[in-house]
Amino acid sequence: MCQLLAMNSKNPADIGFSFTGFRARGGLTDSHTDGFGIAYFEPTGLRLYCDDHSAVESPLAELVSQTKTRACNVIAHIRKSDDDLLCNAHPFTREIWGEAWVFSHNGKMTIQEALNGDPVPNDHHQNAACHHCPIGDTDSEFAFCYLLNQLKARFDSKPDEQTLFNFLKNQCRFLAQFGIFNCLFSNGDWLLSYANTLLFYVTRQAPFSKATLIDVDSQIDFAIMNDTDDVMTIIATTPLTQDESWQQLAVNECVIFKNGDIVYQDMPNPPEYLSIEEGLEIAQNA
């Protein structure tokens with residue numbers, strides 16, 4: 001299964017420390033070697049890097065590691081698949097309502113087969129020029145295009161955040177019927193996280209403490225790196241540090257983070273949580 005990483009922050013921040021541990025899983029401590037990508041929503045626009053090389057070997061990943069890019073929303077992905085095509089590397093990006101939206105997914109799905117290869121709602125084919133269609137051949141990109149086409153079919157203009165959250169939550173749960181669907185979704189203002197199996201997060205704010213990576217021998221003191229009003233949340237498939245209190249999203253829980261905090265949340269009742277071993281076994285069997 002591929003792995004996901006994201007950051008949502010109150011102020012522009014550098015995801016470099018978390019990316020260092022995450023990158024190691026792309027060929028050093030784990031076998032996600034079929035491509036990598038990262039998207040930054042900087043104050044002046046979207047910056048996107050994708051490569052068909054593993055994150056450990058990629059010159060682009062090395063550039064990312066050396067460049068202290070500061071952003072409020074970041075989505076990254078390391079890929080494990082049966083191909084290493086650049087067109088299939090996440091994150092994917094499209095425009096809707098004059099905004100760049102970014103999406104990454106992990107898990108095996110059959111959504112293209114279920115919808116007969118058509119990501120457009122049945123009653124909206126007449127506006128073919130306005131539809132989003134996948135460039136690569138992954139179910140992940142197909143699901144992203146499906147989500148955007150559903151949004152455009154349902155809303156003539158961008159809805160308020162509560163309406164948007166309710167709509168996307170229901171669409172994510174629909175997509176989860178067709179396989180494993182863990183995803184990250186952002187328009188640069190907020191970050192949506194949907195967990196179908198494994199997804200964890202940690203919020204860093206004052207009083208800041210030290211953190212030690214699991215995959216790499218590296219430690220950081222966030223009190224030195226941050227101001228007292230900084231708040232940032234890191235989301236990952238599995239925890240990246242060994243000395244922080246990572247929280248797990250429940251199965252089919254949907255959350256929107258904004259300014260480093262949860263602003264919308266919907267959790268099934270009663271909540272169900274998979275162990276990391278159970279989640280990885282489900283992915284392997286899929």
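User: On what basis are residues numbered and features counted here?
Analyst: Residues are numbered from 1 along each chain as its sequence is written, and side-chain values use heavy atoms, with hydrogens and water left out. In this predicted model, totals for chains, interfaces and linings use all residues, whereas local features need pLDDT of at least 70 and side-chain atom pairs count only at pLDDT 80 or more.

User: Why is helix α1 largely enclosed by the rest of the structure?
Analyst: Helices (H or I, at least four residues) and strands (E, at least two) are DSSP runs, numbered from the N terminus. Buried means under 20% relative accessible area, exposed over 50%, partly exposed in between (1.4 Å probe, protein chains only). Helix α1 spans residues 16–24 and is largely enclosed because eight of its nine residues are buried. The buried residues are Gly16, Phe17, Ser18, Phe19, Gly21, Phe22, Arg23 and Ala24.

User: Which are the edge strands of the open sheet of six strands?
Analyst: Two strands pair if DSSP finds at least two bridges between them. With antiparallel pairing, the order is β5-β6-β7-β8-β14-β15. The strands that pair on one side only are β5 (92–96) and β15 (261–266).

User: Which residue in β6 stands opposite Thr93?
Analyst: Strands β5 and β6 run antiparallel and are joined by five bridges. They form a hairpin with two residues between them, and Trp97 in the turn has a positive phi of about 55°. Opposite Thr93 stands Val102.

User: In β8, which residue is the bridge partner of Phe185?
Analyst: Strand β7 (residues 182–186) runs antiparallel to β8 (residues 191–195), and four bridges join them. The partner of Phe185 is Leu192.

User: At roughly what angle do the axes of α4 and α5 cross?
Analyst: Axes are lines fitted to C-alpha atoms, for helices over the stretch in contact, and angles run from 0 to 180 degrees between N-to-C directions. The axes of α4 (residues 139–154) and α5 (residues 161–175) come within 11 Å, and the angle at which they cross is roughly 140°.
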